[in-house]
Amino acid sequence: MDFTLRKYRQLLQAFSESGYRIVTVRQYLEQKPDGKVIILRHDVDEQPRNAFKMAALEDGMGIHATYYFRRVPKSDHPDIIRSIAALGHEIGYHYEDLSKTNGDMDKAIASFSDNLEYFRQYYPVKTVCMHGSSSSQYDNRDIWKHVSLEDYGLIGEPYLSFDFNSIFYLTDTGYAWDGGKYAVRDKVRQTGALSFHTTDQVVKAVLDGDFPHQAMILAHTLWTDSLPSWMFLHLREFLRNRIKLLARNNRIVSAIYSSLVKLYWK
Ligand SMILES: [Zn+2]
C-alpha cells in the first residue's frame with residue numbers, strides 16, 4: 001500500500017540515510033543551503049488531524065517541514081496549528097483570496113491581509129503559498145501584480161521564489177508522484193524527463209543516488225494508516241482526477257464540478 005504513514009517514514013528515511021538535509025521553505029530561503037537538500041512542504045487542504053500525525057512522525061525523526069493552512073473549516077483547526085508549530089515546524093498561509101472573492105481584487109487584498117494576521121497569532125508567518133483553486137477561473141497569484149511579498153514582511157512563495165530549473169519539483173497530487181498532469185495551477189514548469197509514479201520508485205532512486213541533489217517535495221496530508229480512510233481517499237482522488245480532466249474540455253462538467261467543490265468547502 002502506498003501513501004500510508006509507514007511508506008512516508010520510509011521515504012524520509014531514504015533521504016536522511018542518503019545524506020539529504022530536509023528543510024522548511026523558510027529555512028531554505030534564509031540559508032540558501034548547498035549540497036543535498038529537500039525542501040519539504042505540506043499543503044493542508046483538509047484533514048488537519050492527519051497533518052498532525054505527519055508532523056509528529058517527522059518531529060520524531062528530527063525533521064521539520066512547512067505546513068500551509070487554508071482559512072476554511074476543513075483546514076483551519078487552531079489547536080492543531082498550535083501543536084504543529086510547537087513541534088518546531090513552519091506554519092504558512094495557503095491563500096485563495098482572489099478565487100474566494102470571485103476576482104474582486106480590492107476585497108482579495110484586504111482578505112489576504114486579514115487572514116495573514118490571523119495565522120500570525122499562531123506563528124510569525126514568513127512564507128505563503130497559493131492554493132490552486134482548480135475549479136475557479138481566478139489565479140490566486142494575481143494579487144502579486146498589485147502588492148508585493150515585502151509589503152507584508154514575507155520572504156517567499158513556493159511558486160514565485162524558487163528556480164525550478166535547478167530545484168526538482170515533486171508532488172503527490174492525486175495519490176501519485178506523476179499526478180501533476182491533473183493539476184490545473186499547482187504545477188511548475190520543469191525541464192528534464194525524470195518521473196516517478198510510486199513512493200517505492202522515489203525511494204529506490206534516492207538510495208541508488210539517482211535522485212536530484214536539490215528538490216522541493218509537496219506532500220499533501222492524505223497519507224494515512226487507517227484502511228477505511230485510505231480506501232475512501234484513493235477512490236475520491238481517482239474520481240476527482242477523472243472529473244478534472246473532463247471539466248477541462250466540457251463546460252457543463254466544469255460548472256457542475258465547480259459547484260460541487262464550493263459546496264464541499266462550505
Ligand atoms: Zn491547496
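Student: What makes the radius of gyration of the protein agree with that of a compact globule?

Tutor: The radius of gyration is taken over C-alpha atoms, and the globule rule is 2.2 Å times the number of residues to the power 0.38. With 266 residues the rule gives a value near 18 Å, and the protein has 18 Å, so the two agree. Along its principal axes the C-alpha trace spans about 50 × 40 × 40 Å. This is a predicted model, in which local features need pLDDT of at least 70 and side-chain atom pairs count only at pLDDT 80 or more, whereas totals for chains, interfaces and linings use all residues. Residues are numbered from 1 along each chain as its sequence is written, and side-chain values use heavy atoms, with hydrogens and water left out.

Student: Which residues are called donors to the zinc ion, and why?

Tutor: Donors are N, O and S atoms within 2.8 Å of the metal (3.2 Å for Na, K and Ca). Asp45 (OD), His94 (NE2) and His131 (ND1) coordinate the zinc ion at 2.1 Å, so they meet that cut-off. Water is not among the atoms, so the site may look incomplete. The spacing of the donor residues in sequence is D-x48-H-x36-H. Asp45 lies in the loop between β2 (37-44) and α3 (48-60), while His94 belongs to strand β4 (residues 90-95), so this pair ties together parts that are 49 residues apart in sequence. Helices (H or I, at least four residues) and strands (E, at least two) are DSSP runs numbered from the N terminus, and the protein has nine helices and seven strands.

Student: Why is the pair Asp200 and Lys7 called a salt bridge?

Tutor: The term requires a side-chain nitrogen of Lys or Arg within 4 Å of a carboxyl oxygen of Asp or Glu. For Asp200 and Lys7 the N to O distance is 2.8 Å, so the pair qualifies. It links helix α7 (residues 199-207), which holds Asp200, with helix α1 (residues 5-17), which holds Lys7, 193 residues apart. A search of the whole structure finds eleven salt bridges.

Student: What makes Arg236 and Glu46 a link between distant parts of the chain?

Tutor: Their side chains meet in a salt bridge of 2.6 Å, N to O, and Arg236 lies in helix α8 (residues 227-249) while Glu46 lies in the loop between β2 and α3, 190 residues apart. Arg236 has a relative accessible area of 16% and is therefore buried, and Glu46 is buried at 5%. Glu46, Arg236, Glu237 and Arg240 are linked in a network of salt bridges.

Student: Why is a set of residues called a nonpolar core, and which residues have the most contacts inside the largest one?

Tutor: A nonpolar core is a set of buried Ala, Val, Leu, Ile, Met, Phe, Trp, Tyr and Cys residues joined through side-chain atoms within 4.5 Å. The largest has 77 residues, and those with the most contacts inside it are Phe15, Tyr67, Phe112, Val128, Trp144 and Phe211. Helix α6 (residues 105-119) gives the most to this core, with seven residues. Buried residues make up 53% of the 266 residues in the protein.

Key. Buried < 20%, exposed > 50% of the residue type's maximum accessible area, 1.4 Å probe, protein only.
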